[in-house]
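This briefing concerns the structure shown below. Please keep the sequence and the model in view while reading.

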Amino acid sequence: MSSIPISLLELEDDASACLVADDYQKKEGKWCAGCGDFGALNAVKRLLAKEQLRPEKMAFVSGIGCSSRFPHYVNSYGFHGIHGRALPIATGLKLARPELDVFVVMGDGDCTSIGAGHWIHATRYNANMTVLLLDNNIYGLTKNQTSPTTPQGHASNTSPRGSLLPPLNPLQTTLGVSNASFVAQTADWVPAHLYATLQAAYEHKGFSFIRILQRCPKFTPDVFAKQVKDPDYTELLIHEDGVNAPGLDKLFKAQRVHDPKDIDEARALAQRDDKLRLGIFFKDASFPVYDEIRAVPPVSAEEKVNRLNKEFDRYAV
Ligand code: SF4
């Protein structure tokens, strides 16, 4: 197909068409130059093309924030929700339409603040969806307010003398929730790793939570600068059951074999801040998946009418 963005309706019309990455781009992303959200969008488009996902068979759900513009830029169905509420919307969608591939895109000010309650419960429900937390450590859309993941001491409009508290750690938080089944971390400036992590998350059956460290040159230009410049500040988590992207072993000398089934080591690694760690911290596909365990057998139209009449009869006078 051509690389010119085309409409969802046109794509639906030709179900046999082979789609390339640019076919999934609805329009140009309106983010600042150098924003890490562009890298995330590119990786997502690559994944969609690799899997040949039909645009009418998937949906992108977001909350509010810079990264939450995502559904506007992907050639699929989408729901640009309200602040912090992407996960309950996506969970409801998955339960109503289990055949859809559901992707969720949130920012740190969205998921880890006003959406924190939903985040914890959606993790526990473990519905089958791919969840991207684009973490730039700041509220960007509303122009520079401290978020829960803002580094201690970082000055913003709401904390002009610097953030007073240690930041919330999204990996630790997610790994602390019972029934969490997939937790990974990657970075927008390592595209091969970002893509491979997305692929692993998509293939996982359950709630796949990826924290994507995301550069915001506008408001947090320094927070990842050291790691972007010098790969020695980063350690790759490697394992045959983890993220395996070609060529990264040459770039990142620091590597650690970590079995993603080892929850205790995953929690210990998530807590450490001596290096930035990229890879799958935890993965277990044996955990209950809510959209599967609550599935009810199909009911015929006649049976539905019978059940309704039975209910009405209860109120007959
Ligand atoms: Fe990206 Fe930051 Fe600009 Fe938002 S403010 S679009 S996060 S660079």
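N126 lies in the loop between α6 and β4; helices (H or I, at least four residues) and strands (E, at least two) are DSSP runs, numbered from the N terminus. This is a predicted model, in which local features need pLDDT of at least 70 and side-chain atom pairs count only at pLDDT 80 or more, while totals for chains, interfaces and linings use all residues. Residues are numbered from 1 along each chain as its sequence is written, and side-chain values use heavy atoms, with hydrogens and water left out.

**Loop residues with positive phi**

- N126 has a positive phi of about 55° although it is not a glycine.
- N126 is buried, at a relative accessible area of 0%; buried means under 20% relative accessible area, exposed over 50%, and partly exposed in between (1.4 Å probe, protein chains only).
- N179, in the loop between α7 (170–175) and β5 (182–187), is likewise not a glycine and has a positive phi of about 75°.
- With 19% relative accessibility, N179 counts as buried.

**Helix α4 and its cover**

- Helix α4 spans residues 86–96, and its buried residues are A86, L87, A90, T91 and K94.
- These residues cover an arc of only 125° around the axis, which puts them on the same side of α4; the arc is that of the directions from the helix axis to the C-beta atoms.
- The elements that cover the buried residues of α4 include β1 (58–62), β3 (101–107), α6 (116–125), β4 (129–135), β6 (207–213) and α12 (290–293).
- M106, in strand β3, is in contact with A86 and L87, among others that include S67, S68, C111 and V131, leaving aside neighbours within four places in sequence; contact means heavy atoms within 4.5 Å.
- M106 is buried at 2% relative accessibility.
- M106 and I238 are 132 residues apart along the chain, and their C-alpha atoms are separated by 26 Å.

**Largest pocket**

- The volume of the largest pocket is about 640 Å³, a volume being the space filled by probe spheres set on the grid points, which are joined across faces, edges and corners.
- On a 1 Å grid over the protein atoms alone, a pocket is an open set of points where a 1.4 Å probe fits, with protein on both sides within 12 Å along at least five of seven lines; lining residues have an atom within 4 Å of a point.
- The lining comprises 26 residues, and R211, R272, D273, K275 and L276 lie nearest the pocket centre.
- At least two lining residues come from each of β6, α9 (225–229), α11 (263–271) and β9 (276–283).
- The lining contains 12 nonpolar, 7 polar and 7 charged residues, where Ala, Val, Leu, Ile, Met, Phe, Trp, Tyr, Cys and Pro count as nonpolar, Asp, Glu, Lys and Arg as charged, and the others, Gly among them, as polar.
- R211 belongs to strand β6 and is buried, with a relative accessible area of 12%.
- Not counting residues up to four places away in sequence, R211 touches L133, D135, N137, P170, L171, A184, Q185 and T186.

**H72 in helix α3**

- H72 lies in helix α3 (residues 70–73) and is partly exposed, at 34% relative accessible area.
- Although 46 residues apart in sequence, H72 and K26 are 7.0 Å apart in space, C-alpha to C-alpha.
- Beyond its neighbours within four places in sequence, H72 is in contact with K26, K27 and H80.
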